[in-house]
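Please find below a colleague's note on the model shown here.

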Amino acid sequence: MLTPPDVPAPDTAEDDPRLGRWLAQRRSAEGARVALVGFPSDEGVRRNGGRPGAAVGPTAIRQALYRLTPDAEHGLFADLLDDTADLGDVPITGDVEADQRALGDVLAPLLAGGVVPILLGGGHETSFGHFLGYVGAEQDVEILNWDAHADVRPLKDGQAHSGSPFRQAVEHASGRCLRYAVAGLQPHAVARAHLDFIDEWGGEVIWQRNLNEVRVRSIGIGLVKPTLATFDLDAVDAAHAPGVSAPNAGGLPASLWLYAAYVMGRSPRVTSFDVVELNPSFDADGRTAKLAALTVWHILKGLGERE
């Protein structure tokens with residue numbers, strides 16, 4: 001059972017509708033094309049030595065997202081909102097592994113039914129639970145991680161954490177993870193052993209310095225199999241995203257990050273999304289929450305324009 005989000009629809013004029021008008025009213029996935037699901041966990045961040053606080057990320061994202069307007073230039077956006085549900089949050093116990101399994105149980109029927117989930121994190125441990133949804137749905141998937149870090153660290157004393165989700169997915173006994181790629185990686189934020197691990201498993205590393213709009217577009221065009229796209233906000237320059245678990249000086253510009261979200265949304269190969277690592281405890285003026293909300297907004301814009 002999911003916990004309903006405690007974010008009311010904004011009180012706005014009839015001629016000035018906001019996303020909350022749609023999202024706060026639809027709580028069932030029945031007949032939906034897209035479903036928002038929150039995963040308010042940051043125990044994985046604690047285990048990984050990061051700054052706790054991402055557990056309140058889903059609420060902060062919703063508060064910012066509900067205030068945004070639909071794309072005024074394209075009616076397709078509002079049409080998609082008519083078919084978008086905000087299902088609420090997975091109840092969190094603090095047992096990372098159990099919580100990840102619970103998330104997978106929520107996502108499996110959505111994926112099996114062709115609904116596109118957009119997960120609101122939470123630490124990056126969100127993504128392994130996200131992957132478990134594909135395991136439960138008995139669907140193979142590739143993973144594309146937009147991140148400054150590879151997040152393929154070994155478990156710590158046998159425990160999962162926010163730095164291990166993609167090692168866990170690649171090594172999972174189900175074999176459902178067909179390939180792992182990371183885009184936005186920073187050379188000062190990854191160990192040689194992590195690069196070797198990705199190479200050993202036939203994955204791909206795309207360095208932050210090599211990303212521009214042309215490259216981002218080519219990444220989207222190059223997707224050929226069902227893909228889980230995960231967006232870790234610490235890939236963005238800390239000037240635009242100070243409120244994260246591990247802030248990143250010299251990261252991606254916000255405009256390119258949002259373009260990547262749009263390209264992934266528009267690609268029919270991307271079958272699910274997550275936006276993770278918002279930490280409102282360190283968020284100056286709510287700018288990272290706004291960026292996270294705009295990330296979801298651009299994903300929705302792309303989804304609405306799918307052919």
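1. Strand 7 (residues 227-232) and strand 8 (residues 270-276) form a parallel pair over 6 bridges, where pairing requires at least two DSSP bridges between two strands. Within strand 8, Ser272 is the bridge partner of Leu228. Helices (H or I, at least four residues) and strands (E, at least two) are DSSP runs numbered from the N terminus.

2. The model is predicted: local features need pLDDT of at least 70, side-chain atom pairs count only at pLDDT 80 or more, and totals for chains, interfaces and linings use all residues. Residues are numbered from 1 along each chain as its sequence is written, and side-chain values use heavy atoms, with hydrogens and water left out.

3. An open sheet of 8 strands runs in the order 2-1-3-8-7-4-5-6, with parallel pairing. Strand 2 (84-89) and strand 6 are the edges; each has a single partner strand, so one side of each lacks a neighbour in the sheet.

4. Helix 10 packs on the sheet and touches strand 4, strand 7 and strand 8, contact being heavy atoms within 4.5 Å.

5. In helix 9 (residues 213-222), Val216, Ile219 and Gly220 are the buried residues (under 20% relative accessible area; exposed is over 50%, partly exposed in between; 1.4 Å probe, protein chains only). They lie on the same side of helix 9 because they cover an arc of only 95° around the axis, taken from the directions from the helix axis to the C-beta atoms. The face turned away from this buried side carries exposed Val214 and Ile221.

6. The buried residues of helix 9 pack against strand 4 (141-146), strand 6 (204-207) and helix 10 (254-266).

How values were computed. Axes fitted to C-alpha atoms, helices over the stretch in contact; angles between N-to-C directions.
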